[in-house]
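Subject: Structure for your set

Hello,

Here is the structure I said I would pass on. My notes follow below it.

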Amino acid sequence: ASHRQARIWKDDFVFFEELLRRLPTTSHYRSVALLKLGNAHADAGDDPKAEACYREALAINPDTAFVQLPFNFGNVLARQGRWAEAETAYVKAVAVAPRHLAARNNYGIALARQGKFEAAFAQFDEALRLKPDSADTHLNYGVALADKGDLSRAVENFTRALQLNPQSADAHAQLAAVLTRQGKNDEARQHATEAERLRKAQSPQ
């Protein structure tokens with residue numbers, strides 16, 4: 001992180017920690033402050049502290065109308081590979097905001113990582129109903145299909161992801177992996193090479 005960004009995070013920590021000292025322990029505003037402090041910790045890469053903030057906020061306000069609280073909580077858990085707990089958080093997120101595309105996607109990913117493929121596909125189908133031209137959804141759908149062993153449909157989704165976003169290094173890499181599994185090595189090498197080129201071009205200098 002840059003010096004300027006680190007200073008912004010420090011200012012956020014100071015502000016919200018001071019605010020929390022002043023707010024009642026059961027206040028709705030305390031749960032909002034905890035959400036904001038959790039976001040600051042997550043942005044700074046401190047997932048354990050972010051998790052603690054989100055967990056306390058949800059304990060204060062379990063029926064929150066703020067989709068970002070269960071959604072961000074799920075993201076923190078997912079980054080730690082705690083997929084069952086992340087699934088529970090995403091269930092709450094999509095209940096609060098059924099049309100939240102990223103929540104649908106991340107819920108599907110959490111289900112697929114646990115081998116719950118049909119339930120995951122249902123979430124990706126709903127996400128595509130909400131936004132048919134979502135390259136990210138097609139990418140996530142393809143990964144889940146590949147993990148299940150449905151390589152033909154995985155290729156279809158990765159190909160569609162690349163039609164929608166030709167600059168997706170991840171889609172090229174995932175497609176290369178599946179094509180290799182299908183024995184299409186020449187085509188796989190082309191996509192692997194393009195994935196590497198894009199990653200180098202898109203990496204911070």
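Helix α3 passes helix α4 in a left-handed crossing. This is a predicted model, and every value here is computed from it. The two helices, residues 47-60 for α3 and residues 68-79 for α4, pack at an angle of about 145 degrees, and their axes are 10 Å apart. On the α3 side the contact is made by Asp47, Ala50, Glu51, Tyr54, Arg55, Ala57 and Leu58. Helix α4 contributes Leu69, Asn72, Phe73, Val76, Leu77 and Arg79. Sorted by class, this contact holds eight nonpolar, four charged and one polar residue.

Tyr54 turns up again in the core. The largest nonpolar core has 49 residues, and Tyr54 is among those with the most contacts inside it, together with Tyr90, Phe121 and Val178. Leaving aside residues up to four places away in sequence, Val178 touches Ala146, Leu151, Ala154, Val155 and Phe158. As background, nonpolar side chains tend to be buried together in soluble globular proteins.

For the whole chain:

- The protein has eleven helices and zero strands.
- Of its 205 residues, 45% count as buried.
- Among contacts with a separation of 6 or more, 46% come from residues 24 or more positions apart.

Regards

Notes
Residues numbered from 1 in each chain as written. Predicted model: local features only at pLDDT ≥ 70, side-chain atom pairs only at ≥ 80, totals over all residues. Heavy atoms only, no water. Axes fitted to C-alpha atoms, helices over the stretch in contact; angles between N-to-C directions. Helix = DSSP H or I, 4+ residues; strand = E, 2+ residues; numbered from the N terminus. Left-handed = near helix turned anticlockwise from the far one by under 90°. Contact = heavy atoms within 4.5 Å. Nonpolar A, V, L, I, M, F, W, Y, C, P; charged D, E, K, R; others polar. Core = buried A, V, L, I, M, F, W, Y, C linked by side-chain atoms within 4.5 Å. Buried < 20%, exposed > 50% of the residue type's maximum accessible area, 1.4 Å probe, protein only.
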